[in-house]
Amino acid sequence: MGAAEQQDRVGLKDHWRCLAAMTLVSLSAFQYGLDFGVISGLQAMVPFLEVFGYPDPEAPGGWNISSERQQLISSLMTLGAFISSASAGLSAVIVGRRTSIWIACLFSILSTVMMQVTTGIGVLYAARLIIGLANGVFTTHSQLWILECSPARYRGLAISGFQIWTTVGTLIGTIINNFLSFRTDKSAYIIPLGIVYIIPGILAIGLLFVPESPRWLLAHSSQPSASCSAAAEKALAWLRPKGWDVGSELAEIQTAIENERQLHSGLSVFELVNNPVDRRRTLLSIGVVLCQASSGSMFIIAFGTYFFLNAGIGTPFQDSVIMIATGVVAIIINSAVITRFGYRRRMLMTGMVLCGLCQLLVAVVWDTRAVPLASGSTLDGIVALTVIYMFIYTLCISAYAWLSGGEIPSQRLRSHTFGLATAFGFFGAWLITFTAPYFINPAELNWGPKYGYIWFGSCFLSAIWLFLCLPETKNRTLEEIDEMFHARVPTRKFGSYRCVASTSGGTSKEQNTVASTDETAFTGGDSLTSRQVPHSKT
């Protein structure tokens, strides 16, 4: 009995060991979120500005920081994450998921020591680049481990848990900044940075008891061997509940990997774009992960406190805490419903439209204020809309973008494809953190909330792309997703397509022509016929 059938017979609590391991691995996201929460607040702290900024009597607090330094402090982290994510496919050939996360723990601790002890801007820049390298590895390899080890039914829940830790990390960093913002010495920013040491220690020890990804073990062996299969079987048996037919699921995984090897001899990064099927999967994975950046979320997350401060909002640190806490509530709600209602395509499209409207309203409220200095009601409206935006983003976009971006690639190229998609996501984040200071810094364009006009257009263009291009993969095993892409199933047929692996022996002979003009062009120009019967799981 295959994994697709077995998952219907086993409940959530039966997978407790796998869920515990996924919770541990997903702690990697805490570091990424914590970094944004801490750094966003530090740039509004007077002790930090006294070391790395300059006196400015016209700025709130009497100190400011140049837009160039703002750009580099935030964008060097995302540049480092871009580099390590882009090289994930190459590093996966040499080391596994667990070893990569251990290396990231080491880089994270090293960079934090540098940030705490330095008063030189050059060392701070170097530390930001190093912690970016760590965050890129954390984000990419931890999600790859989760995607490859989780049962299909609970894959959405597992990635949602990953996003919970991201948001909780940001919230904790923001709360600590809030409580320490009134300090007048360097401890105001050194103490928040010290929180970074906790999670790498937990991960480094906990990973000793967690197996490597069975799919990685099988996919990255040069030749099938008994020892490799035994290691993968042992890892899969540890991850699955008692009574699970491990041999059947392992056979499905091995068959899918062997089929990939027969279709494509060797492994080259050029296959990401040369082969029409893999090209489609690569473009989809990159596009859906980029939706996080195109929503404008990085502007809110990375510069939220500074944005509130310069908009004249009287309690920027407290309002940032409220905004991030709302995101935590949203992601918890999402975790409760994602297994049953977590349709990737539908949630992403809805989230993009609503986030775009929030960004538009923020800009309009500020742009149509009655007096040059915004009134209390205008400021309250901006805070409320920003909080609503964060709720929608974490509920509908953040988890589903990572989830779809990781499900779509083939097992053979998953490290390369998802690493490249993550790298593009970090590039989008870098672009935002590099350019946002020009728009919101009072010493530059000083647009403030009017910056929302740009993200309104970006959100709606992304929603159109999602409608036209993104297929639905809810409740599908990774092997079923492989089958549908190789069959060149068009975007809007994914939900109803019945895979051969999920039928009893694949005896159905019903054939339907399912290619359409736009989707055939998108997948490389070949027409196709595919099995088309109702799919009971969705």
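**Helix packing and salt bridges in a predicted model**

Modeller: Let's start with a pair of helices: H2 and H8 are roughly antiparallel to each other. Please keep in mind that this is a predicted model.

Biologist: Thanks! At what angle do the axes of H2 and H8 cross?

Modeller: Two packed helices are described by the angle and the distance between their axes. Here H2 covers residues 16–26 and H8 covers residues 121–149, and their axes come within 9 Å. An angle over 145 degrees counts as roughly antiparallel, and the crossing of H2 and H8 is at roughly 165°.

Biologist: Is the crossing of H2 and H8 left-handed or right-handed?

Modeller: For this you look at how H2 passes H8, and the crossing is left-handed.
The residues making that contact are Cys18, Ala21, Met22, Val25 and Ser26 on the H2 side, with Ser142, Trp145, Ile146 and Cys149 on the H8 side.

Biologist: How many charged residues does the contact of H2 with H8 have?

Modeller: Let's go through the contact of H2 with H8 class by class. Seven of its residues are nonpolar and two are polar. The number of charged residues in this contact is none.

Biologist: On to salt bridges: how many are there by count?

Modeller: Side chains of opposite charge can pair when their charged atoms come close. A salt bridge needs a side-chain nitrogen of Lys or Arg within 4 Å of a carboxyl oxygen of Asp or Glu. One group is a network of salt bridges linking Arg97, Glu148 and Arg414. By the rule, the salt bridges come to eight.

Biologist: Are glutamate 407 and arginine 155 buried or exposed?

Modeller: Buried means under 20% relative accessible area. Glutamate 407 has 0% relative accessibility, and arginine 155 has a relative accessible area of 1%. Because these values are under the cut-off, glutamate 407 and arginine 155 count as buried.

Biologist: Which helix holds arginine 344, a salt-bridge partner of glutamate 407?

Modeller: The closest N and O atoms of arginine 344 and glutamate 407 are 2.7 Å apart. Arginine 344 is buried, as is glutamate 407. The pair ties together parts 63 residues apart in sequence, with glutamate 407 in helix H21 and arginine 344 in helix H19.

Biologist: What is phi of asparagine 475 near?

Modeller: Asparagine 475 sits in the loop between helix H23 (452–469) and helix H24 (478–486). With 12% relative accessibility, asparagine 475 counts as buried. Its phi is a positive value in a residue other than glycine, near 65°.

Biologist: Last one: what distance separates the C-alpha atoms of threonine 417 and aspartate 278?

Modeller: Threonine 417 lies in helix H22 (residues 414–440) and is buried, with a relative accessible area of 3%. Leaving out residues up to four places away in sequence, threonine 417 touches Leu272, Arg281, Thr282, Ser285 and Pro409. Threonine 417 and aspartate 278 are 139 residues apart along the chain, and their C-alpha atoms are separated by 8.9 Å.

Notes: Residues are numbered from 1 along each chain as its sequence is written. This is a predicted model: local features need pLDDT of at least 70, side-chain atom pairs count only at pLDDT 80 or more; totals for chains, interfaces and linings use all residues. Side-chain values use heavy atoms; hydrogens and water are left out. Axes are lines fitted to C-alpha atoms, for helices over the stretch in contact, and angles run from 0 to 180 degrees between N-to-C directions. Helices (H or I, at least four residues) and strands (E, at least two) are DSSP runs, numbered from the N terminus. Angles under 35 degrees count as roughly parallel, over 145 as roughly antiparallel, 65 to 115 as roughly perpendicular and the rest as oblique. A crossing is left-handed if the near helix is turned anticlockwise from the far one by less than a right angle, and right-handed if clockwise. Contact means heavy atoms within 4.5 Å. Ala, Val, Leu, Ile, Met, Phe, Trp, Tyr, Cys and Pro count as nonpolar, Asp, Glu, Lys and Arg as charged, and the others, Gly among them, as polar. Buried means under 20% relative accessible area, exposed over 50%, partly exposed in between (1.4 Å probe, protein chains only).
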